[in-house]
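Have a look at the structure below. This report takes it one contact at a time.

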Amino acid sequence: MASSVSSPLVFSVKRCHPEFVQPAKSTPREVKQLSDIDDQEGLRFQVPVIMFYQSNPLLMKGKEDPVKVIREALGKALVYYYPLAGRLIEGENRKLMVDCTGEGVLFTEADADATLDSLGDAIQPMCPCFEELLYDVPGFGEILGSPLILIQVTRLRCGGFIFALRLNHTLSDSFGLSQFLNAVSDMTQGISRPCLLPIWQRELLNARNPPRITCIHHEYEGVTSTKGTLLMAMDENNLVHRSFFFGPKEKRTLKKRLPTSLGAYTTFEVLVACVWRCRTIAFAVDPDEVVRFSCIINLRGKQGFNLPPGYYGNAFVSPASITKAGMLCANPLEYAIMLVKKAKMQMSTEYMKSVADLMVTQGRPSFSKSGNYFISDNRHVGFGEVNFGWGKPVYGGIARALSNISFCTQFKNKKGEEGIVIPICLPPLVMERFEQEIKRMTKVEERAR
């Protein structure tokens, strides 16, 4: 296991004045409702994505400037994804809607006096220079009334470039965003319309009439009694950002710790169980405090949901398992794995409908904040496949973790090893203990029982 602690990067970025990129043709002027899964309080934030591209002279002929190519393709793709060029408004019962104004997405052109090689470890999640590569334009960060997408394309001295983006999460999840970016990719390659046409149909994930909550949703439970050790420790202004790489050796070592009686399990289940358990140990949580693990599960392609290809809204639920911190920390890794599996097993069409019903009957609540940790599996989202004409990115994916949300993505380290990287952010002392605990778990010691 290797954690990345990047050295401070020193380079300058010169930006042009941000501009709006509007749909290349006229689009319908209408108001479109989001789904009851889309507009929950827990998704009312911005998702950062970053992609690093190498110079590719063979593919760049006739389109040497990525800024020009991507800006033009963006306008063409927005003709089909015109709601993304609108602005959010809020209606009765906090219902979110898109006012399809066609005002456009915010786009910034930039140049950096850096090369891909000089960025080194920054080419992965938790990029320490992200603020330079995606300028947070003042006055455009609100959920309501602001551009739904903010983009910066930064040219590098080596001929490569960096594509960075921020998306209002209520509009799309990772799969939906990847679909939109592939539509932009299609436009860069001269295709007249996206290979996969977008489908709105947000009513497919709306509440029933009448709504009825039929499942237990630990991920939305209001916590009335807690020691508060996790909440007090998570000061958003004092967090250390770091990524942890799990290659073949680390995966084997963790699996060797497991008894044969455990039965079937996946690599994802082992890794996220390990990270959740180590994180809880690092916080030194009161043994009687209840902790939660929420597993983000996508609905696409799942039996019973019938979401059409091209649907680009949020299509996931986050069922949670709960346990006392003392039980999680004192028991071996397989205990955490069983809880992860339990969370995943809650997934069903009834569970999704119950979540939508909970939203409309309880004021679209946020996720539980005390002791709740989310991990999203982004390994198959496809950010690493988005080709604007310069080939696939060296790295493409979510740019950084949040205080209680991490994600898994495929990554190749400097040694050429394929593995999974999981970014996490924690208070400084907690991060030290977390790294020590991860090292202990991935050290070759114990044999299978």
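## Helices H7 and H9

H7 (267-282) and H9 (333-345) are roughly perpendicular to each other, a label for angles of 65 to 115 degrees; under 35 is roughly parallel, over 145 roughly antiparallel and the rest oblique. Their axes come within 8 Å and cross at roughly 115 degrees. Axes are lines fitted to C-alpha atoms, for helices over the stretch in contact, and angles run from 0 to 180 degrees between N-to-C directions. Helices (H or I, at least four residues) and strands (E, at least two) are DSSP runs, numbered from the N terminus.

Which residues of H7 and H9 meet? On H7 they are Phe268, Glu269, Val270, Val272, Ala273, Cys274, Trp276 and Arg277. On H9 they are Leu333, Ala336, Ile337, Leu339, Val340, Lys341 and Lys344. Eleven of the residues in this contact of H7 with H9 are nonpolar, none are polar and four are charged. Here Ala, Val, Leu, Ile, Met, Phe, Trp, Tyr, Cys and Pro count as nonpolar, Asp, Glu, Lys and Arg as charged, and the others, Gly among them, as polar.

## How the model was read

This is a predicted model: local features need pLDDT of at least 70, side-chain atom pairs count only at pLDDT 80 or more, and totals for chains, interfaces and linings use all residues. Residues are numbered from 1 along each chain as its sequence is written, and side-chain values use heavy atoms, with hydrogens and water left out.

The buried residues of H6 (residues 248-256) are Glu250, Thr253 and Leu254. Buried means under 20% relative accessible area, exposed over 50%, and partly exposed in between (1.4 Å probe, protein chains only). These three cover an arc of only 95 degrees around the axis, which puts them on the same side of H6. The arc is that of the directions from the helix axis to the C-beta atoms. They pack against strand S11 (240-246) and helices H7, H9 and H11 (428-441). Contact means heavy atoms within 4.5 Å.

The axes of H6 and H7 come within 10 Å and cross at roughly 80 degrees. Lys251, Leu254 and Lys255 of H6 make the contact with Thr267, Val270, Leu271 and Cys274 of H7. That gives four nonpolar residues, one polar and two charged.

## Helices H1 and H4

H1 (residues 66-80) and H4 (residues 174-188) pack at an angle of about 115 degrees, with their axes 8 Å apart. This crossing of H1 and H4 is right-handed. H1 brings Val69, Ile70, Ala73, Leu74, Lys76, Ala77 and Leu78 to the contact, and H4 brings Phe180, Ala183, Val184, Met187 and Thr188. Ten of these residues are nonpolar, one is polar and one is charged.

Is Ser318 buried or exposed? Ser318 is buried, with a relative accessible area of 2%. It lies in the loop between strands S13 (316-317) and S14 (320-324). Thr170 is also in a loop, between strand S10 (161-168) and H4. Thr170 is buried, at 0%. Not counting residues up to four places away in sequence, Thr170 touches several residues, including Leu34, Asp38 and Asn314.

Arg157 sits in the loop between strand S9 (149-155) and S10. At 60% relative accessibility, Arg157 counts as exposed. Arg157 and Ala112 are 45 residues apart in sequence, and 6.9 Å apart in space, C-alpha to C-alpha.

Terms used
A crossing is left-handed if the near helix is turned anticlockwise from the far one by less than a right angle, and right-handed if clockwise.
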